[in-house]
Amino acid sequence: MPWENRTANDDSPFAQGSSQTYNGKLLLDDVVAGRLISTRGAGALEWLKDGERYSRLEPNADGGKDVVAYRAKDNRREVLIPAEMFTDKSTGKRIPVRSISWSADNDKVLVYTNTRKVWRYDTRGDYWVLIPADGTFRQLGKGLPEASLMFAKFSPDGTRVAYVSGNNIYVENIADGKITRLTDDGNDKIVNGTFDWVYEEEFGCRDGFRWSPDSRYIAYWQSDTDGTGFFDIINNVDSIYPTYNRFPYPKAGSMNSDVKVGYVSADGGKTSWINLPGDPRENYVPRMEFIPGSNDLFIQQMNRQQNTNRVWIASVGSTSAENIFTDTDAAWLDTNDDVEWLDGGKWFTWLSERDGWRHLYKISRDGKQILPITHGDFDYVERVGTDMKNGLTYFIASPDNFTQRYLYSARLDGKGDAVRVSPADQSGQHRYHMSPTGKWAVHTFSNAAKPPVIDMVSFPRHRSVRVIEDNAEARSQYAALGLNPKEFVKTKSGDLTLDAWMIKPIDFDPTKKYPVIVEVYGEPASSTVQDVWGGGDLWNQYMANLGYIIVSIDNRGANVPRGREWRKCIYGEVGTFASEDQARGITDLARQYPFIDSSRIGITGWSGGGSQTLNCMFRYPDVFSTGIAIAFVADQRTYDTIYQERYMDTPQNNPDGYRKGSPITYADGLQGNLLLIHGTGDDNVHYQNCEMLVNELVRHGKVFSQVSYPMRTHAINERPGTTLHLRKTMAKYWLDNLPSGAK
């Protein structure tokens, strides 16, 4: 009987089920559908102006959603806005609420609805404004196309709303609905108030305009994409003739958009463009904000190599800018998102790796004084909040275990050492949503074997006031599955110690040998070896219980808090050190653990992990016998400027690095079994990569397998049945080509 036609009564790992296990093994349908473990979160919440309450949306029994506030101190619940207030009075229809945002004084609410996806996120839709005090509820942007508004936000004084539509910026008076168009040159090539594809993907830039603190001006980015290379995605499945999606996408070494920043009166008029030096196509402007309480702009400008970040201050009323501070690195710099102004605007905070570790500094407004706030042999990971009253900053770090994350505090004056605040008995990862005063936080704790526990904590003592969600049901569901949890272990690549984890089958017998599947990422943007709840990691558990040991290893360059040298030693060599560490790491694990069958080692990864899968298969065929590469970059020259050049410089400056790091260079080294999976609608890592690699493998006479998903993006999860089909395809390939089970 063909495997794909079996039912739950068959002895098949692909059998369909419903929230149960089959002969001690998970059922794939349940895993993909998410039926096995129900984990609850705190929901999207927003701290209110007083810092003592937070609001969130909650379902109303009669339909719609209420806006509810909870008091941190005692959990007193108050319905701030009942669901019936979100009703269009002209039609009597309830407006579904996707999200809300408050005005600064908390007396008005913007409602986001009828949303549309722009690349990865639903950033386009309709906005309504609600005044709870008098029940006024009306739609913004009347006369503009449906679902065309982006990033609507109140002016600081709460009298107006600005938004983007059709790549132009508009301001609308709340009192009378008068709309003023601030830009009129937006079109398919000129982008005002938002960003082109590459800025959004690699700098996290989406909302591209800022209100001045006095509500009189709007500063914004403009991108001129003319001259940038355009990429076409061909849709062959939705009509009998192909259609094309064309968009600007600068590939490594090619021309970028011309990006500049300026400001315009919120009443309309001419834009004043800030004079930043250098060719705008050879520099980036990834961050721009008004300095609180002033009409001065704080601008970060990076050179194309992204190893120099110049900080400029420009004032409304002028087009000139003053360079107050410059940060440099021999490899690359990341954008600074932890800038906070202290002492009434006299100092600002800044992250830097100037001493070999990522630390927080404070820099005087003129840039002449640089003082450390944190110090020592550890990395500052991310900001949590600030308690100005007590002179403390709170941040995440993990000096002793790179797979975990804890809250620390440090004095803003830099005196003394950082102090761990997270409880000593909670081993894993901690996240915090802190109130603006630093007095309260919604705290989430989890680890790889424990679903999140969410509680309200008070500071500075980190006292748990009450549990918001204990996920006891999820904990019981996970325990009932009887799975072997992840085991965190160490392995070696030469003299270098690497973090890793492994998952064993539930019927594991240490006296026998098992095949291994290595789950890899390997790029400098992320990390796979993290002691955090990942939904129970049920896909990997499913594969383990088919008779495999699943392993993941963080190679050199992975984004973990191990210091600058660890992260940046791979500069100009992305792909080479990673595959070397993966091969050495799994070989060392096989030496440590006799139950690993070194003749049956497979590897798989997605995106950058797909690239590393290919590099490992082609360069280390004596180690890896089977691989599944998904949505991979085959030739680094095909990926975008910002990401690829950050870690590799340009192909013109580093041709040998691009050659050595690109899997396509070593395609003739394939000896084992290889499955290529790619979506033809991938706007991120283009299907072109798959076609180029296939062409090269064919040229070398290499036999391989390939599955292409028509018009699926980088996530390969669109359209009915896709995710289940993808996972079935992968599982079948492993079973057919990397024999499972103990020997």
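**Figure 1. Overview of the protein chain.** In this predicted model, the protein chain contains 11 helices and 47 strands. Its radius of gyration is 27 Å, close to the 27 Å that the globule rule gives for 743 residues, so the chain is as compact as a globular protein of that length. Taken along the principal axes, the box filled by the C-alpha atoms of the protein chain is roughly 75 × 65 × 60 Å. Of the 743 residues in the protein chain, 58% are buried. When contacts between residues at least 6 apart in sequence are considered, 57% of them join residues at least 24 apart.

Figure 2. Strand β10, which spans residues 109–118, is mostly covered, with 7 of its 10 residues buried. Strand β9 (residues 99–102) pairs with β10 in the antiparallel sense over 4 bridges, and within this pairing Tyr 112 of β10 is the bridge partner of Ser 99. The hairpin of β9 and β10 has 6 residues between the strands, and in this hairpin Asn 106 takes a positive phi near 60 degrees. Strand β11 (residues 121–131) runs antiparallel to β10 and is joined to it by 7 bridges, with Tyr 127 of β11 standing opposite Tyr 112. The hairpin that β10 and β11 form has 2 residues between the strands, and Trp 119 in its turn has a positive phi of about 60 degrees.

**Figure 3. Surroundings of Ser 215.** Ser 215 is found in the loop between β18 (209–211) and β19 (217–224), and at a relative accessible area of 2% this serine is buried. Leaving aside residues up to four places away in sequence, Ser 215 touches Ser 155, Pro 156, Asp 157, Arg 160 and Ala 266. With Asp 157 there is a specific approach of polar atoms, in which the backbone nitrogen of Asp 157 lies 3.0 Å from a polar atom of the Ser 215 side chain.

**Figure 4. Asn 309 in strand β26.** Asn 309 belongs to strand β26, which covers residues 308–315, and with a relative accessibility of 1% this asparagine counts as buried. Not counting residues up to four places away in sequence, the residues that Asn 309 touches are Gln 300, Gln 301, Met 302, Phe 325, Thr 326, Asp 327, Leu 333 and Trp 350. The side chains of Asn 309 and Gln 300 are joined by a polar contact of 3.0 Å. Asp 329 lies 20 residues from Asn 309 in sequence, while the C-alpha atoms of these two residues are 9.1 Å apart in space.

**Figure 5. The open sheet of strands β36 to β39.** Here 4 strands form an open sheet in the order β36-β37-β38-β39, and their pairing is antiparallel. Its edge strands are β36 (429–434) and β39 (463–469), each of which pairs on one side only. Direction ignored, neighbouring strands of this sheet are turned by 30 degrees against each other on average. Strand β38 (residues 450–458) pairs with β39 in the antiparallel sense over 5 bridges, and Val 457 stands opposite Ser 464 in β39.

Figure 6. Strand β44 (residues 596–606) and strand β45 (residues 626–630) pair in the parallel sense over 5 bridges, and Trp 606 stands opposite Ile 630 in β45.

Figure 7. Cys 569 is partly exposed, with a relative accessible area of 23%, whereas Cys 690 is buried, with a relative accessible area of 0%.

Notes. Residues are numbered from 1 along each chain as its sequence is written. This is a predicted model: local features need pLDDT of at least 70, side-chain atom pairs count only at pLDDT 80 or more; totals for chains, interfaces and linings use all residues. Side-chain values use heavy atoms; hydrogens and water are left out. Two strands pair if DSSP finds at least two bridges between them. Axes are lines fitted to C-alpha atoms, for helices over the stretch in contact, and angles run from 0 to 180 degrees between N-to-C directions. Buried means under 20% relative accessible area, exposed over 50%, partly exposed in between (1.4 Å probe, protein chains only). A polar contact is a pair of N or O atoms within 3.5 Å; within protein, one must be able to donate a hydrogen and the other to accept it, and residues adjacent in sequence count only if both atoms are side-chain atoms. Contact means heavy atoms within 4.5 Å. The radius of gyration is taken over C-alpha atoms; the globule rule is 2.2 Å times the number of residues to the power 0.38.
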